[in-house]
Amino acid sequence: LRAREAELLAARQIQQFFLPRTAPAVPGFDLAGASYAAEFTAGDHFDYFPMIGGTLGVVIGDVSGHGFGPALLMVALRNHLRALADHHDQIEEVLSDANRLLSAEMEDGYFITLLMGRLDARQRTFRYVNAGHPSGYLLDAAGQVKAFLESVCPPLGILPETRFPAEQSVTMEPGDLLLLVTDGILETHGADGTQFGEERMLETVRASRHRPACEIIEDLYHAALRFSESGKILDDVTAVVLKAI
């Protein structure tokens, strides 16, 4: 048991070390991300990095499973995406190459859901590909959903020959808010067995939408924590919020 606890602690330390400490300053936008580990588990991921053409890569992902293996795969994912973003200006090219690399490195049974976006602050566009990940949400200034950033292809690491579709795009007007999450928050269970779910999540974000992006994420996490039957989150919870100012 002590050996297992040491392994899980190492996994959490790996995860936390490779997550961004702060978000980059982006003119016209307020950007934040946070990941809350459940016990010692590891596998959720988010990141920001520069891409060709002065755009900013924004990533949120979830490696299947828990423990040391998924933590190491998260590190491999991070490094592959950052390296490939230096050579490709299209997300589908980055994901195709990353998928081939990861498929050769991963054992059977593992996969990675991922939503990768490319923010062009000058054009105020967010171009993205969702690979098996929970939907992203674009809310307007009144808190109504303008667009769902839905999955259109399988996760990474299943088939090396998977082809990823061309980027889709949303335009962000002042007051708009983009919400990206992993499934940990959606699947938090209450005392009656119901899940926190999409509507509770969106209502929480609507109520906090006028606050800074980092505080919206904190409010969302604590709302799920209060809802949880056990008073704690049983899966990693990760979220990224991008507000257009």
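Tyr137 has a relative accessibility of 3%, so it counts as buried (under 20% relative accessible area is buried, over 50% exposed, and anything in between partly exposed, using a 1.4 Å probe and protein chains only). Phe148 comes out at 40%, so that one is partly exposed. All of this is read from a predicted model, where local features need pLDDT of at least 70, side-chain atom pairs count only at pLDDT 80 or more, and totals for chains, interfaces and linings use all residues. Residues are numbered from 1 along each chain as its sequence is written, and side-chain values use heavy atoms, with hydrogens and water left out.

Tyr137 and Phe148 pair up edge-to-face, with 5.7 Å from centre to centre and 70° between the planes. For the bookkeeping: rings of Phe, Tyr and Trp (its six-membered ring) pair if their centres lie within 6.5 Å, and planes under 30 degrees apart are stacked, over 60 edge-to-face, the rest tilted. Tyr137 sits in strand E6 (residues 136-139) and Phe148 in strand E7 (residues 145-149), 11 residues apart. Strands (E, at least two residues) and helices (H or I, at least four) are DSSP runs, numbered from the N terminus.

Searching the whole structure turns up five aromatic pairs. One of them is stacked: the ring centres of Tyr36 and Tyr221 are 3.8 Å apart, with the planes at 5°. Tyr36 belongs to strand E1 (residues 29-36) and Tyr221 to helix H6, so this pair ties together parts 185 residues apart in sequence. Tyr36 is partly exposed at 21%, while Tyr221, at 15%, is buried.

## How H5 meets H6

Helix H5 (residues 197-208) packs against helix H6 (residues 213-227) at about 140°, with the axes 9 Å apart. Axes here are lines fitted to C-alpha atoms, for helices over the stretch in contact, and angles run from 0 to 180 degrees between N-to-C directions. The two helices are therefore oblique (under 35 degrees is roughly parallel, over 145 roughly antiparallel, 65 to 115 roughly perpendicular, the rest oblique).

On the H5 side, the contact (heavy atoms within 4.5 Å) uses Arg200, Met201, Thr204, Val205 and Ser208. H6 brings Ile216, Asp219, Leu220, Ala223 and Phe227.

## Gly184

Gly184 lies in helix H4 (residues 183-186) and is buried at 3%. Leaving out residues up to four places away in sequence, Gly184 touches Asp235, Asp236 and Val237.
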